[in-house]
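Colleague: I am new to this one. Could you take me through it, step by step?

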Amino acid sequence: MKKVYPDADAALDGLLFDGMHIAAGGFGLCGIPELLIDGLVRSGVKDLTIASNNCGVDGFGLGKLLDTRQIRKMQSSYVGENAEFMRQYLSGELELEFNPQGTLAERMRAGGSGIPGFYTRTGVGTVIAEGKEVKVFDGQEYILERGIVADLSIVKAWKADDTGNLVFRKTARNFNPPAAMCGKVCVAEVEEIVPRGSLDPDMIHLPGIYVHRVIQGEHEKRIEQLTTRKKETA
């Protein structure tokens, strides 16, 4: 089955529909699927529910989809870098489902592993637990969290081969693997597509069985908060 596509628009063709659920990889602006997000913006698909650690920043990353009002609901663990996110949430334009960071990652991993739910101590006794089933194990309360199964996963990797095996680079190996796993269809963008057989099997972070379409492209890799020091004088 052909997995390599020429660009984001081609890779997303036939997959998008209004009201769909999308899992997006990345942490802050590190390892985000920039090209595929731009493809979503161009498509005009709307009423999206997006599961992602955060929602980018104003005017970049998933923040672009906020600017175009294409997101209806976010499932996130951190949203503090986006003023437009705050405005839409406080005005009632945007729904928000807060998740502890580890819980969100595990919900994605569970969904991709065929596990419909799991119990965790994280969030017990807080607003996170409201409305959720509680069980007691060994004298401790645990809350039930449901696995996430998305209609589509969009992720960013360093390298891929034509079968979809993925290698992530450093911090980009964050939410990308579990986000990729939990999608019914996964589209990955990479910096380089290498010949089949050239990847060391021990270095493959996500096997191609999870990946359906791959594109290669150039990435801006913007830094979320750039902090520098003044040049020291001799």
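Modeller: The protein chain has six helices and 11 strands. Helices (H or I, at least four residues) and strands (E, at least two) are DSSP runs, numbered from the N terminus. This is a predicted model, where local features need pLDDT of at least 70, side-chain atom pairs count only at pLDDT 80 or more, and totals for chains, interfaces and linings use all residues. Residues are numbered from 1 along each chain as its sequence is written, and side-chain values use heavy atoms, with hydrogens and water left out.

Colleague: What radius of gyration does the protein chain have?
Modeller: The radius is taken over C-alpha atoms, and the globule rule is 2.2 Å times the number of residues to the power 0.38. For 234 residues, a compact globule would come near 17 Å, which agrees with the chain's value of 18 Å.

Colleague: What share of the residues in the protein chain is buried?
Modeller: Buried means under 20% relative accessible area, exposed over 50%, partly exposed in between (1.4 Å probe, protein chains only). Of the 234 residues, the buried share is 47%.

Colleague: What share of the contacts in the protein chain, at a separation of 6 or more, joins residues 24 or more positions apart?
Modeller: Contact means heavy atoms within 4.5 Å. Among contacts with a separation of 6 or more, residues 24 or more positions apart account for 72%.

Colleague: Is Arg 42 buried or exposed?
Modeller: Arg 42 lies in helix α2, residues 34-43. Its relative accessible area is 51%, and therefore Arg 42 is exposed.

Colleague: Which side chain makes a polar contact with the side chain of Arg 42?
Modeller: A polar contact is a pair of N or O atoms within 3.5 Å; within protein, one must be able to donate a hydrogen and the other to accept it, and residues adjacent in sequence count only if both atoms are side-chain atoms. Not counting residues up to four places away in sequence, Arg 42 touches Ala 8, Asp 9 and Leu 35. The polar contact, at 3.0 Å, is with the side chain of Asp 9.

Colleague: Which elements do the buried residues of α2 pack against?
Modeller: Those buried residues are Glu 34, Leu 36, Ile 37, Gly 39 and Leu 40. They pack against α1 (8-12), β1 (21-24), α3, β8 (152-160), β10 (186-193) and β11 (213-216).

Colleague: Which residue follows α2 with a positive phi?
Modeller: The phi is near 80°. The residue is Gly 44.

Colleague: Why does Gln 70 count as buried?
Modeller: Gln 70 sits in the loop between α3 and β3 (71-76). Leaving aside neighbours within four places in sequence, Gln 70 is in contact with residues including Leu 40, Val 41, Gly 44 and Leu 65. Gln 70 counts as buried because its relative accessibility is 4%.

Colleague: Which side chain makes a polar contact with the side chain of Gln 70?
Modeller: The distance is 2.5 Å. The partner is the side chain of Thr 68.

Colleague: Is Asn 53 buried or exposed?
Modeller: Asn 53 is found in the loop between β2 (48-51) and α3 (63-67). Beyond four places in sequence, Asn 53 touches residues that include Gly 26, Phe 27, Tyr 78 and Phe 175. Its relative accessible area is 2%, so Asn 53 is buried.

Colleague: Which side chain makes a polar contact at 2.7 Å with the side chain of Asn 53?
Modeller: The side chain of Asn 53 makes a polar contact with that of Asn 54, at 3.3 Å. The contact at 2.7 Å is with the side chain of Ser 77.
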